[in-house]
Amino acid sequence: MSDKHYDALPKAHTTYANIVKSLLPIGNNGKISKDQLPQATYYVDDLHIDQSNLNDYRKICGFADNGKVPITYFSVLSQTLQMNMMVKEPFPFAMLGLVHVDNSVTQYRPIGERETVAMSVTFDNLRDHAQGQQFDFVTTVKSEDKVIWEGTSTYLSRSKKPISSKDKKSTPRPITVKPSVNPEGVHSIFEVPEDIGRRYAFVSGDFNLIHLHPLSARAFGFPKAIAHGMWSKAKCLAMMDELPDACTVDVSFKLPIFLPAEVELIADPVAALEDTDATCEFGLFSSKNDKPHLAGTVKLQSGHE
C-alpha cells in the first residue's frame, strides 16, 4: 500500500515536469503488469479552494457565481492527484492518450466555496474492455470526517491486443438516440470553439495532448483535437436549471466532440425530480447529424449517513 499525504494540491508545473520525465526512456520505469493497479491512495488533508481558479472554472463552463462549489469542480481538482499517482506509482498504462469514458459525481449537500475539506483519490476496478482495459479513479471529499462529495472517473486504455469474444460481450455500450425535445426542459444549440481544449487545460490542469491541437491529437488516432469530457459535462449542467442540493449526476461520454463544433443540448426539467426514483435525462448531440457526444442522468440523493 502506497499512501501519500499533501498539504495542498500539487502545482501543475511540477506535475507536468514529472509527466515529461516519465515519458523519457531512462532506466526501469517500474511499471507493473497490466492485470493489476497500484495499491495507492493520495490525500490532501486540508484543501483550500483557490478562488481565482474557481472563478475561471465558473466562467469557462458557465456556472453561476453563487458562493457554492459547482458539482463537477472536485472532479477537476482531483485530476492533479490522479496525474501524480499515474507518474509516481507503478502505473501499468500509457498516461497520455487515456480516454475518459464515464464520470459519476454525487454531492450530499451544498458545499461553500470557502470551506476547507479533505480529499482522497484511489485506484479501483480494473477490468477488460472490447478496446483494451478500463479502470476507475475514486475521489472522496470529506468535511469533519463526513463524506460530502464523491466521484468516480472511468478511463479506457486502448490496446491493439485482441480481447476475447467473451469479454466483448461483457462490455456493451448502450446505443444513444436523440430524444424529442421536452418543452418544459432545456433545449439549446451552441458553438464549441476550436480553442476550448487549450483554454480549459489551463483552468483544469488537464493538458492531455488529445485536447490541445490537431497535430498532437493525430498522434493518438484522432483527426482533430477533441473537447474535454468534463468540460462538456459541466457545460451541460451549467445550462440546466439549478440542481438539487443533494444529487448524483452520471455521464457516459460517447463520440468525441471534434473541435470546432456545433452541438445541441436536450435535457428534461430538473424540477421534475420529486423523489429518489425519478430521473432527469440529458444529452449532448451533434447539431449536424444527431450523433451523441454525451448521455447523462441526474437523480436525487438523500443525505449521506
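I call a residue buried when its relative accessible area is under 20%, exposed when over 50%, and partly exposed in between (1.4 Å probe, protein chains only).

**Ground rules.** My model is predicted: local features need pLDDT of at least 70, side-chain atom pairs count only at pLDDT 80 or more, and totals for chains, interfaces and linings use all residues. I number residues from 1 along each chain as its sequence is written, and side-chain values use heavy atoms, leaving out hydrogens and water.

**Ring pairs.** I pair rings of Phe, Tyr and Trp (its six-membered ring) if their centres lie within 6.5 Å; planes under 30 degrees apart are stacked, over 60 edge-to-face, the rest tilted. I get 14 aromatic pairs by this rule. One of them is Tyr57 with Phe63, stacked at 6.0 Å centre to centre and 20° between the planes. Both Tyr57 and Phe63 are buried.

**Phe91 and Phe123.** Why is this pair stacked? The ring centres of Phe91 and Phe123 are 5.8 Å apart and the planes are at 20°, so the pair is stacked. Phe91 sits in the loop between helix H3 (73-88) and strand S3 (99-107), and Phe123 in strand S4 (residues 116-129), so the pair ties together parts 32 residues apart in sequence. Helices (H or I, at least four residues) and strands (E, at least two) are DSSP runs, numbered from the N terminus. Phe91 is buried at 0% relative accessibility. Phe123 is buried at 8%. I also find Phe91 and Phe123 in one aromatic cluster, which includes Tyr155.

**His129.** I find His129 in strand S4. Is His129 buried or exposed? His129 is buried, with a relative accessible area of 7%.
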